[in-house]
There are 2 protein chains.
Amino acid sequence: MSDRRFDVTAIGNAIVDVIASADEALLLEHRLRKGAMSLVDAAEAERLYRIMGPGRETSGGSAANTVAWIAALGGRAAYIGKVADDQLGDVFTHDIRATGVTYDTPPLNEGLSTARCLIFVTPDAHRTMQTFLGATTRLGPEDVNMDYIARSRIVYLEGYLWDQPRAKKAMRDAALRAQASGVKVSLTLSDAFCVDRFRDEFLELVEHHVDLLFANEAEILSLYQAQTFDEALQRVRPHCEVAALTRSALGSVVLSGDEVHVIDAEPGVRVVDTTGAGDAYAAGFLYAYIQGCDLATCGRMGGVMAAEVIGHYGARPESDVRALAAGVLSGRTTRGGPTRTT
Amino acid sequence: MSDRRFDVTAIGNAIVDVIASADEALLLEHRLRKGAMSLVDAAEAERLYRIMGPGRETSGGSAANTVAWIAALGGRAAYIGKVADDQLGDVFTHDIRATGVTYDTPPLNEGLSTARCLIFVTPDAHRTMQTFLGATTRLGPEDVNMDYIARSRIVYLEGYLWDQPRAKKAMRDAALRAQASGVKVSLTLSDAFCVDRFRDEFLELVEHHVDLLFANEAEILSLYQAQTFDEALQRVRPHCEVAALTRSALGSVVLSGDEVHVIDAEPGVRVVDTTGAGDAYAAGFLYAYIQGCDLATCGRMGGVMAAEVIGHYGARPESDVRALAAGVLSGRTTRGGPTRTT
């Protein structure tokens with residue numbers, strides 16, 4: 001079956017981000033775990049919003065960011081995630097559709113409001129996230145459009161969803177269907193603490209179901225309980241067709257069988273807000289991968305998109321990313337072998 | 001009575017901005033009047049939102065922006081404006097309170113949702129605004145806290161409210177109460193087309209009730225149906241204690257009796273989005289005015305704040321504006337006469 005409607009279909013938590021500047025003292029006073037994503041209930045979200053500075057609202061959600069970027073780059077993408085039928089749900093739906101992503105998961109009509117993520121950005125540009133999951137907790141297997149899955153080239157799964165049993169089931173169903181349909185399965189580990197909570201499940205998934213793995217350094221160390229980056233790198237190498245490990249200012253390392261590429265970070269980037277850096281990297285990487293680029297080019301494409309997103313507040317692209325991509329592609333080579341399926 | 005709780009109390013339309021990039025062709029296709037603020041109903045707002053690109057949501061509203069800036073600068077400010085009891089109303093309320101502004105107008109509990117302004121930013125950084133007024137149309141005299149008015153040094157009124165009869169009544173009541181309490185009355189004309197709709201009323205207001213007038217070039221030309229800037233300048237001169245006329249890249253002209261100051265725009269500003277430039281100018285001007293600065297310094301302070309806001313998307317301050325203000329004040333002189341009332 002080579003009728004591939006989408007380059008990438010992603011499943012994730014549909015979230016609206018509320019981004020505000022914060023100083024380190026505020027994180028300490030309210031015991032916010034710097035750099036991590038923590039889950040909070042509605043009351044705690046309400047309390048934290050009250051102590052937060054003036055905000056900017058933009059659509060977020062890790063996998064949603066990634067497909068929004070892929071569409072902005074010119075790729076064909078679909079998204080599966082749950083909002084509520086409320087104003088923030090409208091904002092999320094508008095923004096992801098406006099990028100060209102196909103998004104038609106039915107909104108939740110009662111009980112819980114659209115998820116939001118309070119993002120505290122410290123002067124060092126690091127982000128600390130407090131997420132109220134709201135309607136996303138109602139995502140279940142019935143929301144997964146299996147036709148989209150089967151007609152994609154890549155399915156992209158967000159590790160954050162492992163915190164919800166029904167969402168996890170939806171992810172597993174999608175992965176199995178993808179494998180049965182010759183669709184590549186990619187996974188982002190999302191968060192070191194999330195990996196810590198579900199290590200055995202992630203290990204099983206990575207070893208048996210994942211073709212392309214995305215992880216940052218903290219996440220891959222957590223997955224293998226490794227002490228050094230190199231130790232984690234050696235551990236992951238046999239398990240995935242491709243692994244892309246991001247290291248912030250140290251760039252990324254891309255692995256595939258015997259291949260190992262060490263890609264430097266883009267130079268001269270003014271860092272404002274690191275929110276969405278991993279999501280943009282995954283988008284750039286997958287976009288180049290879809291074009292049949294060699295893995296070094298995929299890694300460079302990821303790095304260029306990450307550099308764009310950390311230069312401003314918010315996790316979605318703000319500049320002409322197709323021009324950025326064309327700049328990377330002008331120096332590309334092509335991967336060996338017939339990997340294009342359309 | 002010298003018990004002045006607030007430096008500035010403002011009355012305006014409480015609006016959440018939705019900002020997206022747009023090209024000129026889209027404005028033409030949908031007949032959007034470039035550079036202006038147009039009012040749209042709920043259905044048209046819905047239609048325009050669908051054709052709009054991915055957005056950033058930030059709290060807006062002209063007078064609300066101004067008091068948010070004044071509070072960010074360290075001034076004491078209050079705001080009167082109407083949101084609905086919904087998610088966007090929560091966003092507006094949070095953001096303005098987080099700047100330190102006192103805001104306690106009761107939200108609307110039924111019928112209309114919080115106002116939003118769809119802002120299309122073209123590559124030349126100009127903004128074209130389509131406003132759905134929603135809950136703001138329910139602002140009435142009963143919402144004006146007369147104690148706040150009487151205990152302020154300056155009351156700041158937004159011309160946009162003239163489109164709503166009950167809001168207009170609220171404004172007039174506030175102006176009369178201010179005058180009776182020795183509180184200065186300031187007005188921003190807001191929009192040339194709004195001035196055109198209510199020219200006689202604005203003329204009467206300016207001639208009899210306004211101490212400090214803010215207007216851009218198009219607005220002051222519209223008010224006096226003048227052909228040249230200089231003609232408008234000569235017309236307004238006898239009527240206000242102070243008039244500050246802004247001219248975009250040409251800077252501003254500040255008038256008071258025999259005084260005329262021609263203030264150049266800040267040099268070397270990279271213009272991203274002109275949304276809120278006039279609001280930030282008014283805030284800088286009023287903040288310096290409150291400090292007892294001479295009018296040239298007030299104009300420079302306005303220009304510096306306008307330069308900050310046009311360097312990024314959104315109408316609220318993003319950098320350390322107190323440091324910017326300190327830079328201006330380090331070169332200040334003082335107005336003659338006892339204008340401080342506290």
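Now select residues 337–342 of chain A, where the pLDDT is below 50. Beyond near neighbours in sequence, that stretch has seven contacts in the model, a contact being two residues whose C-beta atoms, placed from the backbone, lie within 7 Å. Where pLDDT is low, the predicted coordinates should not be read in detail. For the complex, the predictor gives an ipTM of 0.77 and a pTM of 0.85.

Some housekeeping: this is a predicted model, so local features need pLDDT of at least 70 and side-chain atom pairs count only at pLDDT 80 or more, while totals for chains, interfaces and linings use all residues. Residues are numbered from 1 along each chain as its sequence is written, and chains are lettered from A and ligands numbered from 1 in the order in which they are written.

**Stop 1: both chains**

Show the two chains together. Chain A can be laid on chain B with an RMSD of 0.0 Å by a turn of 180 degrees and a shift of 0.0 Å along the axis (a least-squares superposition on the C-alpha atoms of residues with pLDDT of at least 70 in both copies). The two copies are thus related as by a two-fold rotation axis. Which residue of chain A comes closest to the rotation axis? Pick Glu57(A): its C-alpha is 2.4 Å away. The same surface serves both copies, with 100% of the contact residues of chain A recurring in chain B.

**Stop 2: the interface**

**Stop 3: a covered helix**

Go to H3(A), residues 62–72: 11 of its 11 residues are buried (20 or more other C-beta atoms within 10 Å of the residue's own; exposed is 12 or fewer, partly exposed in between, with C-beta atoms placed from the backbone). Trp69(A) is one of them. Just after H3(A), check Gly74(A), which takes a positive phi of about 110 degrees.

**Stop 4: two single residues**

Select Leu255(A) in strand E13 (residues 252–256). Leu255(A) is buried, with 22 other C-beta atoms within 10 Å. Leaving aside neighbours within four places in sequence, Leu255(A) is in contact with residues including Leu233(A), Val236(A) and Val260(A).

Then hop to His239(B), in the loop between helix H10 (229–236) and strand E12 (242–246) of chain B. Buried or partly exposed? His239(B) counts as partly exposed because it has 14 C-beta neighbours inside 10 Å. Not counting residues up to four places away in sequence, His239(B) touches Val206(B) and Glu207(B).

Terms used
pLDDT = per-residue confidence, 0-100. Helix = DSSP H or I, 4+ residues; strand = E, 2+ residues; numbered from the N terminus.
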